[in-house]
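I opened this entry to keep track of what I looked up, one topic at a time.

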Amino acid sequence: MQILEDFYVGEIRPSERSFKKNSQYARALNEVVRAGDALTDTLSEGQKAQFEEYMSAQREVTVLTDCETFCYAFKLGARIMMDVLTDGEMKEI
């Protein structure tokens, strides 16, 4: 059960993912950063503080959403495997 051991000791970190430099995700992320920088350049110090508060709250929502999505997908994958391993005879959990 090497994968469980790796998960337990922190070798597998679902919340830390890498991406390729020229991927669609990287391009979208670069656009978000560029637009954010352009926006904050136009804000007063008070508005920048408000915007940072908003971004902090948004990051928290994103983390919670990502965690919820991960848990749902993991459970769905487990249910699929149980169904495959029981030839469709799996009872509802």
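**Cysteines.** I began with Cys 67, which is partly exposed at 46% relative accessibility. I was working on a predicted model, so every value here is computed. How far is the sulfur of Cys 67 from the closest cysteine sulfur? I found 4.3 Å, and the partner in that pair is Cys 71. I then turned the search around and started from Cys 71. The closest cysteine sulfur to Cys 71 is that of Cys 67, again at 4.3 Å. A disulfide needs the two sulfur atoms within 2.5 Å. The gap between Cys 67 and Cys 71 is therefore too far for a bond. I noted the cover on Cys 71 as well: this residue is partly exposed, with a relative accessible area of 31%. My disulfide count for the structure is zero.

**Salt bridges.** Next I turned to charged pairs. Side chains of opposite charge can pair when their charged atoms come close. How many salt bridges does a search of the whole structure find? The search returned four.

Glu 16 is exposed, with a relative accessible area of 54%.

I moved on to Arg 34, which forms a salt bridge with Glu 31. Their closest N and O atoms lie 2.6 Å apart. Where do these two residues sit? Both belong to helix H2, which covers residues 24–40. They are three residues apart there, which means a separation of about one helical turn. Arg 34 counts as partly exposed at 47% relative accessibility. Glu 31 is partly exposed too, at 41%.

My last pair was Glu 52 with Arg 59. I read 2.6 Å between their closest N and O atoms. Glu 52 has a relative accessible area of 42% and is partly exposed. Arg 59 is also partly exposed, at 43%.

**Charge overall.** I then counted charged side chains over the protein chain. There are 11 positive and 17 negative ones. The centres of the two sets lie 5 Å apart.

**Overall form.** Which elements does the protein chain have? I listed three helices and zero strands. Read from the N terminus, the order is α-α-α. The radius of gyration is 20 Å, well over the 12 Å that the globule rule gives for 93 residues, so the protein chain is more spread out than a compact globule. I also took the box along the principal axes. The C-alpha atoms fill roughly 60 × 30 × 25 Å.

**Surface.** What share of the 93 residues is buried? Buried residues make up 4%. The accessible surface of the protein chain is about 8,700 Å². Carbon and sulfur atoms account for 59% of that surface.

**Two spot checks.** I picked Leu 4 and found this residue in helix H1, residues 2–8. Leu 4 is partly exposed at 49% relative accessibility. From Leu 4 I ran a distance to Pro 14, ten residues away in sequence. C-alpha to C-alpha, the two are 13 Å apart.

I then went back to helix H2 for Arg 27, which has its place there. Arg 27 is exposed, at 51% relative accessibility. The threshold for exposed is over 50%, so Arg 27 falls in that class. Finally I took the distance from Arg 27 to Ala 57. These two are 30 residues apart in sequence, and their C-alpha atoms are 24 Å apart in space.

Definitions and conventions: Residues numbered from 1 in each chain as written. Predicted model: local features only at pLDDT ≥ 70, side-chain atom pairs only at ≥ 80, totals over all residues. Heavy atoms only, no water. Buried < 20%, exposed > 50% of the residue type's maximum accessible area, 1.4 Å probe, protein only. Salt bridge = Lys/Arg side-chain N within 4 Å of Asp/Glu carboxyl O. Helix = DSSP H or I, 4+ residues; strand = E, 2+ residues; numbered from the N terminus. Rg over C-alpha atoms; globule rule 2.2 N^0.38 Å. Areas by Shrake-Rupley, 256 points an atom, 1.4 Å probe, with all protein chains shown as cover. Lys, Arg positive; Asp, Glu negative; His and termini not counted. Charge placed at Lys NZ, Arg CZ, Asp CG, Glu CD.
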